[in-house]
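Please keep the sequence and the model in view while reading.

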Amino acid sequence: MKKTKLLLLIPIASLLAGCVVTDYSPFKEDDYVPIGYQTESITRVMTSDERGILEDGLLRMDDYVTGMKSTNEERYYLHSYFGKNTPTDYEDVDSSLSSSLEAKTYNNNVKVVRENEKESFMNDYADVDSEEEEYKWTFLPTPETYETRRSMARDSEDVAVTMIDTGAYVAATDYQTRFGHNVAETADSLIDDSDLIGMNDDEMIIGIKRTSASAILELRRNSYVYALTNRVVEIKLSLYEPEDDSNPFYLPVQVREYLEMRVISEIFVGNELAKYLDTPIIIAYQEEIVEYLTTDNGDYDIASIPEVDIV
Amino acid sequence: MKRKLLFLPLLSVFVVGCNGQNAPFSDDEYKPKGIMPTHKIVDALPSEEEDIFDNTIEDSDAYLTAVTSTNESRFYGKKVFADHSSVESYDERISQTATFARYENGISVNKNRTQKSRVYEGTLIENETKQDTYRVLNETEDEIEITTDVTGYDGKNDVETSTASYNPLSDYEVYFQANVTDLIVLMASGGMIGLTKDKMIAMQDKDTSTTPPNAPYIAGDGAGFIVETNQMFEAYFSKKVDNETEEEYYHLSSFRLYTEYLVLSEEIPNIVDEPIVYLEKPVLLGYEETIFTTKLTSNGNFKTSDIPQPAEI
């Protein structure tokens with residue numbers, strides 16, 4: 001059995017040992033390099049003045065954010081890494097997901113969200129790439145009603161436009177829900193949740209939360225492996241000076257979440273001593289990066305919103 | 001521990017790499033296709049093709065003029081556990097074929113054959129059975145004659161003929177259609193679906209389970225072993241155009257279900273907290289492979305003189 005495991009480990013080790021996750025990918029042309037759990041350095045504590053400006057900004061920032069961009073990259077290599085011992089809770093496929101989202105709010109009460117998603121599945125008997133592109137338009141057909149239309153295209157299929165939501169609209173209470181980007185809610189929650197908060201060398205506020213948990217993954221063939229899950233959430237806020245107000249405030253410029261799973265031992269069976277790897281190997285990760293924008297997007301040409309073709 | 005070390009090379013010599021060809025049955029030439037699917041899925045299923053499939057598959061059995069199924073199963077319980085056998089231990093081979101064919105002259109024929117061989121220590125038992133059914137519609141299409149030709153495991157042959165009233169609207173599917181697709185589509189639900197490079201719709205699924213250490217596979221002498229069961233399902237559907245309506249439809253092209261049983265470990269030690277020794281290469285304990293193939297072209301006319309007649313009393 002010892003020989004078996006050594007034999008199994010050698011090819012894996014030759015492929016992966018000493019590498020970071022991006023050195024190993026079963027997916028062709030995968031050039032994404034995650035930032036990983038490396039975060040900004042906090043070099044000093046926040047002053048009470050800076051904390052006051054931060055808190056003041058939470059009440060104002062939603063009025064100035066006009067858009068957001070996000071990217072999300074997910075990779076799962078558990079199938080090719082473990083082979084016949086693939087964990088019982090995972091499918092027998094490696095998967096890759098790359099998605100991007102861009103949302104813009106226009107001055108004439110129109111919000112346009114574009115989302116693109118590329119997904120790949122791969123194993124011994126399937127090698128499938130698919131792509132979806134979705135647009136969502138939220139607008140006011142009358143001053144008291146809103147409507148959301150969606151166009152969806154998958155791979156080379158024709159675009160289908162549907163109406164996915166409609167209802168009453170009251171500007172005083174519904175604007176943030178329909179046209180906003182919920183920046184303050186996100187920022188407040190992440191700052192509250194941060195274990196480390198302070199200033200970096202560029203005078204940005206940095207909030208960081210790091211969590212780590214080790215677990216024994218149950219694999220097929222009555223085997224096990226030690227795995228470590230690491231998660232980092234980081235928010236960066238920089239001082240923003242609005243054109244219409246002389247009081248600057250801190251505005252989130254980036255939110256990033258990184259989650260990874262590392263194998264830290266050889267595969268072992270019940271009553272067998274687990275052997276820890278010299279170099280842990282990353283077999284899955286997810287990284288999402290969100291940026292907020294304050295650009296004036298002008299007016300949107302409502303006539304260019306496509307007509308619904310599926311009821 | 002020494003005994004186990006000695007046991008392992010013996011197993012390896014006997015069975016490692018064992019498959020259909022290396023079976024205890026000297027005339028066994030069956031080579032299973034095995035656990036890997038025949039075709040790779042290379043594209044997601046486009047909505048348009050999914051719609052055609054959904055709208056036509058339910059009635060697609062009507063296009064099939066013949067369906068053939070084969071089932072081959074092998075079990076090497078005596079050979080694999082040579083050092084752990086009892087007088088009840090055996091190796092077994094079962095070969096089954098079933099065909100359905102519809103002919104132009106109002107006749108449909110089912111033929112079923114089963115061969116079984118079982119080898120105990122010094123004892124070989126071989127059995128064969130067949131059951132053929134011939135259905136002949138009369139000229140006015142209101143009565144059908146059904147002839148069954150059965151040869152049992154005891155070799156006794158029996159031919160019987162009966163008649164039944166026939167209503168084309170309600171009875172055609174019963175007597176002249178292979179009703180296989182619904183069941184296969186039902187079995188496939190939950191698996192992976194997509195397109196092969198030949199633009200067939202593929203439905204595939206794999207499943208694996210392993211006997212836990214506290215409930216192992218028990219060999220003839222009571223020793224426990226870890227056994228893994230791997231199952232693979234694949235079904236392929238081809239697109240055709242209906243000659244009359246010129247509408248596109250999908251029909252079942254082929255289907256395969258393969259199940260294998262692999263011995264993963266040496267004998268489970270009867271010492272508490274002693275790790276189980278897993279084999280470097282699993283040993284094939286048995287397999288079962290079922291394959292369906294279909295045909296859409298005409299079978300012509302069936303020679304009624306080929307239908308056996310009951311013996312006169």
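Chain B contains five helices and 14 strands, where helices (H or I, at least four residues) and strands (E, at least two) are DSSP runs numbered from the N terminus. The model is a predicted one, in which local features need pLDDT of at least 70 and side-chain atom pairs count only at pLDDT 80 or more, while totals for chains, interfaces and linings use all residues. Residues are numbered from 1 along each chain as its sequence is written, and chains are lettered from A and ligands numbered from 1 in the order in which they are written.

The C-alpha trace of chain B spans about 80 × 60 × 30 Å along its principal axes. Of its 313 residues, 27% count as buried; a residue is buried if 20 or more other C-beta atoms, placed from the backbone, lie within 10 Å of its own. Two residues are in contact if their C-beta atoms, placed from the backbone, lie within 7 Å. Among contacts in chain B between residues at least 6 apart in sequence, 66% join residues at least 24 apart.

Attention now turns to the two chains together. In chain A, 20 residues are in contact with 28 residues of chain B. On the side of chain A that touches chain B, helix H1 (2–16) and strand S4 (126–142) of chain A are the elements giving two or more residues. S4(A) gives the most, with four residues. By class, this side of chain A has five nonpolar (Ala, Val, Leu, Ile, Met, Phe, Trp, Tyr, Cys and Pro), 10 charged (Asp, Glu, Lys and Arg) and five polar residues (the others, Gly among them).

S4(A) also pairs with strand S1 (residues 41–43) of chain B, in the parallel sense and over two bridges; strands pair if DSSP finds at least two bridges between them. Within S1(B), Ile41(B) is the bridge partner of Ala126(A).

How values were computed: A residue is buried if 20 or more other C-beta atoms lie within 10 Å of its own, exposed if 12 or fewer, and partly exposed in between; C-beta atoms are placed from the backbone.
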